[in-house]
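Student: Could we go through this structure together, with the conventions stated as we meet them?

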Amino acid sequence: MSQIIYIPDKPPIPPDQQPTVNVFAAVVEPKLINNLVRCLNRIAPLENLRHVKRVQKKHLEDGKTLIALILCLASENDSNLDAMPLDVQELVTSYQLSAFITKVCKEAATTKEEWEEQCKLWPTSYHPPTYNIDGITGFNEEDTQSVFGFMRLAVELAQSNKLVVNAAVIVDPSVKQVIASACDHHISSENASMSNAGGEIDFRNRLESVGSHLDSNGATIHGNLPSSASLKTLKQSCSTVSCLYPWQWTDQQLQHLSNSCCWHPLRHAAIAAIESSAARDRRLFPTSGTIGDKSVETDDIGPHCNLAKRQKTNLENAKSEEKEGTDIEGICSKSGRPYLCTGYDIYLVWEPCIMCAMALVHQRVRRVFYAFPNPNDGALGSVHRLQGEKSLNHHYAVFRVALHEDVL
């Protein structure tokens, strides 16, 4: 049974191994709770523990309720009550509280299982993750079949050469159309990229060759997924997949393996597909515009649609460049030319390496789907999780398409 598995931004933590921090707490009378909570929120807010509830209620066997309250954070090394802030110490003295140290979970729960384990230490809040990208929390039947179909196309492309390589298929999900596709480029094989002289693939011929075809609107109609035997063969013959061994090309060069395959160090499947998508845009949108008295060809504009200079000599030049960049962005939007791969999905047979994953960030890809994990250099789940790197200015959703559970 095939399935689509969401790869979260952070690796899952076993519920019983969640990191904890020490806090000062005290048992208080129910009538004092409101006043104490208001005071503590003002003098000792739990800024980095917003998921932790300040109050803990325990129901005793005799029917009574025991209420404990978090006073403030405690040092990991110093359990002395004198380490509390002076304001909190005064509050403890004023209300004659008996403070003690306990542990609470450091991070918010990402699953219900984590939350249930956290509450055994101290109550926390759990909010099921919500996302701005449609489809993360579930796919309807039509979308599911579409995902399986495009992944099938990627798998067939990877198998269509003498060598098994990684394959990438870029899709516009709004119309379910293939925008570009490519495989790993190999230096010793002219046909390894499956590209014509213009660097693009004849999609209609390629789809027909793998058992799929286009309808009258240009959208793909897919057949059955690859068999289990076919997928087993694919996984066992992956020594020539660029993303799995991104540094092996250096060994090949040092050993002068002229008679064997040597893949290109940069032109991995995802990079080649991005180049093909850009070539398509240049062909479909050969527009130009004007800035003042100057004519500007948008084909010559950089990836961010602005006239970027390597150096800004003074403030006046900087302001002038900023204005020109704004004008050119307007030209790009008016021409209808897509901005990089914004809103597109990409399907990869193997999980991308760091280089390819960062290229997809720069291209503003919306979702990444891959079939097989990359245990050596996987950037989206197996080794790293680039999709969860907060310092990046774009984030995409990542899914693994498990085509057959019995072989994956």
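Tutor: Valine 37 is buried, as its relative accessible area is 19%, where buried means under 20% relative accessible area, exposed over 50% and partly exposed in between, with a 1.4 Å probe and protein chains only. This is a predicted model, in which local features need pLDDT of at least 70 and side-chain atom pairs count only at pLDDT 80 or more, while totals for chains, interfaces and linings use all residues. Residues are numbered from 1 along each chain as its sequence is written, and side-chain values use heavy atoms, with hydrogens and water left out.

Student: Which residues does valine 37 touch, not counting residues up to four places away in sequence?

Tutor: Valine 37 is found in helix 1 (residues 33-43); helices (H or I, at least four residues) and strands (E, at least two) are DSSP runs, numbered from the N terminus. Valine 37 and valine 55 lie 18 residues apart in sequence and 8.4 Å apart in space, C-alpha to C-alpha. With contact meaning heavy atoms within 4.5 Å, and residues up to four places away in sequence not counted, the residues that valine 37 touches are Val55 and Leu69.

Student: What is the order of the strands in the open sheet of 6 strands?

Tutor: Two strands pair if DSSP finds at least two bridges between them. The edge strands, each pairing on one side only, are strand 1 (3-7) and strand 7 (177-183). The pairing in this open sheet is mixed, and the order is 1-14-13-12-6-7.

Student: At what angle to strand 12 does helix 4 run?

Tutor: Helix 4 (residues 141-159) lies across strand 1, strand 6, strand 7, strand 12, strand 13 (367-372) and strand 14 (397-402). Axes are lines fitted to C-alpha atoms, for helices over the stretch in contact, and angles run from 0 to 180 degrees between N-to-C directions. On that convention, helix 4 runs relative to strand 12 at about 50°.

Student: What do the buried residues of helix 10 pack against?

Tutor: In helix 10 (residues 354-362), the buried residues are Cys356, Ala357, Ala359, Leu360 and Val361. Just after helix 10, arginine 364 takes a positive phi of about 65°. The buried residues of helix 10 pack against helix 8 (269-284), strand 12 and strand 13.
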